[in-house]
Amino acid sequence: MGWLGRVFDARDARVRMALLDLSGLCYLLVVPHPHLTPTATQWILAVAAFAGALVTYRRPVVNLVLQTALLAVAICLIDDLTINQVGASWALLEVTMLAGRARTIWLAAGLLAVVDLADSIGDPLRQAASGVVGLGLEVGVPVLLGLVIRANRELSRQTVERALAEQRRRESESRAARADERSAIARELHDVLAHHVASMVLRVGVARHVLTDLDPRVGEVFHDVHGTGTAALAELRRLVAVLRNPDGVRGDAALTAIEPSALPSALGAAVDRARQAGITVEADIDAAIGSLDAVRGLAVLRLTQEALTNVARHAGPSARAHLTVAVHDAAVHWEVTDDGGGRDGDSAPTTAVPAGGGHGITGMRERVEVLGGRLEAGSTGTGWRVRTVLPNTLPETAAATPVGPAPRAREAPAESPTPEPA
C-alpha cells in the first residue's frame with residue numbers, strides 16, 4: 001500500500017483537486033448525456049464545485065461543507081447530479097484522510113448522508129431503497145478508502161519510528177563499546193607507558209643535578225632528553241584525558257588538530273629536534289602549507305615526526321635526511337628520504353627492532369588512507385624513502401591499497417617527541 005500513500009499524500013491535495021476538476025470538465029464536454037447538452041444551471045453548479053475544490057484544498061472540512069451545499073442545491077434544480085455527487089464524495093475522502101479527530105470524519109459522513117437521503121424523500125419504496133444502496137457508494141466507499149489510507153500512513157510512521165529507535169539503540173551500544181575501549185587504552189597508557197616515562201624523566205633530572213662535572217655537550221643532551229620526556233609526559237596525560245572524556249576536551253585544538261598558521265613553526269620544531277639528535281636534515285617546506293585545513297596539517301606534522309624519528313632510529317645520527325612538503329593544485333606532496341647513514345642498504349639497522357616490529361609505518365599508512373591518500377615506503381639503494389600525496393577532499397570510499405608493505409625492519413614504534421592525539 002505504499003504507492004497508495006504516496007498518491008494521496010497531504011502535500012499533493014492541490015494536484016488531486018486539479019485532476020478531479022479536469023475529469024469533471026471532460027465529463028461535461030465529452031461524455032454523451034441523455035438530456036442533450038448540460039444546462040446553464042448545471043454548468044454554474046459544476047464551475048462552482050471546481051473552483052471551490054481548488055480554493056479550499058488546504059481546508060478539507062470547508063470544502064466538504066461547500067460541496068455538500070452545492071449538492072443540495074443541485075438536488076433541487078437539476079436532474080444530472082454526477083458532478084456534484086463526485087465532488088461531495090471526494091471532499092469526504094479528503095476529510096477522512098486528513099482530519100485530526102475521528103468525530104470530524106463521522107460528522108462529515110453523516111452530513112453527506114443526510115443530504116443524499118433528502119433526495120429520496122417522497123419516492124416510492126423501491127426507489128428509496130435504491131437510494132440507500134447508492135449511499136454506500138457515495139459515502140461508504142470514500143470513508144473506507146480514507147480509513148485505509150490513514151491506517152497505511154500510520155503504519156509507515158510507526159515503521160520509521162521503529163527504525164530510528166533501532167538505529168539510536170545501535171549507536172548507543174556502539175558508543176558504549178568505544179567508551180569501554182577508550183577506558184581500557186587510557187588505563188594502559190596511564191599505568192604502563194606514562195609510569196615509565198615519568199620514571200625516566202625523574203632519573204634524568206636527578207642525573208643532571210648529581211653529575212655536576214659533565215662535559216657541556218653531555219649536559220646539553222641531558223637537558224634535551226629531560227625536556228623531551230617532560231613534554232611527552234604532558235602529552236600522554238592530555239591523551240589519557242581525551243580517551244576518558246572526549247567531549248570534555250573537544251574544543252582543545254591541540255588534541256584534535258593544529259591551527260594552519262602554526263604548521264610551519266611546528267614542522268620547524270620537528271626538524272630542529274631531529275637535528276639535535278644528530279641527524280643532518282634539509283627541509284624544503286612550501287609556504288602555502290600555512291593555508292592547509294587543520295586535519296591535513298596535523299597529518300603532515302605527525303608524518304614528519306614519525307619519519308624523522310625512524311631515520312634517527314634506523315639510520316643513526318650520521319644520516320642525512322631530506323624533508324619535502326609542497327602544495328600543488330591544493331594537494332599536499334610530502335616526502336622524507338635519507339641516505340642510510342653510510343651503511344649498506346641490506347645491512348641490519350643500527351638499532352635492533354623488537355620481535356614483531358613496530359607500528360610506525362602502519363600508523364602512518366592508516367593516517368594517510370583515512371585522508372584518501374596512499375603511503376609509499378621502501379629502500380632507495382642504501383637509504384630509505386617515505387612519501388605520499390594528500391588530496392584536497394576526503395574519499396567517499398576506502399582508499400586504494402597502498403603500494404606494497406614496508407619491510408618490518410624499518411617500522412619503528414611511535415617514539416616521536418609528541419604522542420599522537422586520540
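Reader: In this predicted model, which residues does Glu138 touch, not counting residues up to four places away in sequence?

Author: The structure discussed here is a predicted model, and close neighbours along the chain, up to four places away, are left out of the list for Glu138.

Reader: Is Glu138 buried or exposed?

Author: The relative accessible area of Glu138 is 17%, and the cut-off for a buried residue is under 20%. Because 17% falls under that cut-off, Glu138 counts as buried.

Reader: How is helix 4 oriented relative to helix 6?

Author: Helix 4 (residues 60-77) and helix 6 (residues 102-118) pack with their axes 9 Å apart and at an angle of about 10 degrees. Since angles under 35 degrees count as roughly parallel, helix 4 and helix 6 are roughly parallel.

Reader: How many nonpolar, polar and charged residues does the contact of helix 4 with helix 6 have?

Author: On the side of helix 4 the contact is made by Val61, Leu64, Thr68, Leu71, Ala72 and Ile75, while helix 6 brings Thr104, Ala108, Leu111, Leu112, Val115 and Asp116. Divided by class, these residues are 9 nonpolar, 2 polar and 1 charged.

Reader: Which backbone oxygen does the side chain of Gln67 reach?

Author: Gln67 is found in helix 4, and with a relative accessibility of 1% this residue counts as buried. Gln67 touches several residues, including Gly52, Ala53, Gly87 and Ala49. At 3.0 Å, its side chain reaches the backbone oxygen of Ala49.

Reader: At what angle do helix 10 and helix 11 pack?

Author: Helix 10 spans residues 263-276 and helix 11 spans residues 294-315, and their axes lie 10 Å apart. Among the residues that meet are Leu263 and Ala266 in helix 10 and Gly297 and Val300 in helix 11. The two helices are roughly parallel, and the angle is about 5 degrees.

Reader: How many disulfides does a search of the whole structure find?

Author: A disulfide is a covalent bond between the sulfur atoms of two cysteines. Cys26 is partly exposed, at 44% relative accessible area, whereas Cys76 is exposed, at 66%. Across the whole structure, the number of disulfides found is 0.

Definitions and conventions
Residues are numbered from 1 along each chain as its sequence is written. This is a predicted model: local features need pLDDT of at least 70, side-chain atom pairs count only at pLDDT 80 or more; totals for chains, interfaces and linings use all residues. Side-chain values use heavy atoms; hydrogens and water are left out. Buried means under 20% relative accessible area, exposed over 50%, partly exposed in between (1.4 Å probe, protein chains only). Contact means heavy atoms within 4.5 Å. Axes are lines fitted to C-alpha atoms, for helices over the stretch in contact, and angles run from 0 to 180 degrees between N-to-C directions. Helices (H or I, at least four residues) and strands (E, at least two) are DSSP runs, numbered from the N terminus. Angles under 35 degrees count as roughly parallel, over 145 as roughly antiparallel, 65 to 115 as roughly perpendicular and the rest as oblique. A disulfide is a pair of cysteine sulfur atoms within 2.5 Å. Ala, Val, Leu, Ile, Met, Phe, Trp, Tyr, Cys and Pro count as nonpolar, Asp, Glu, Lys and Arg as charged, and the others, Gly among them, as polar. A polar contact is a pair of N or O atoms within 3.5 Å; within protein, one must be able to donate a hydrogen and the other to accept it, and residues adjacent in sequence count only if both atoms are side-chain atoms.
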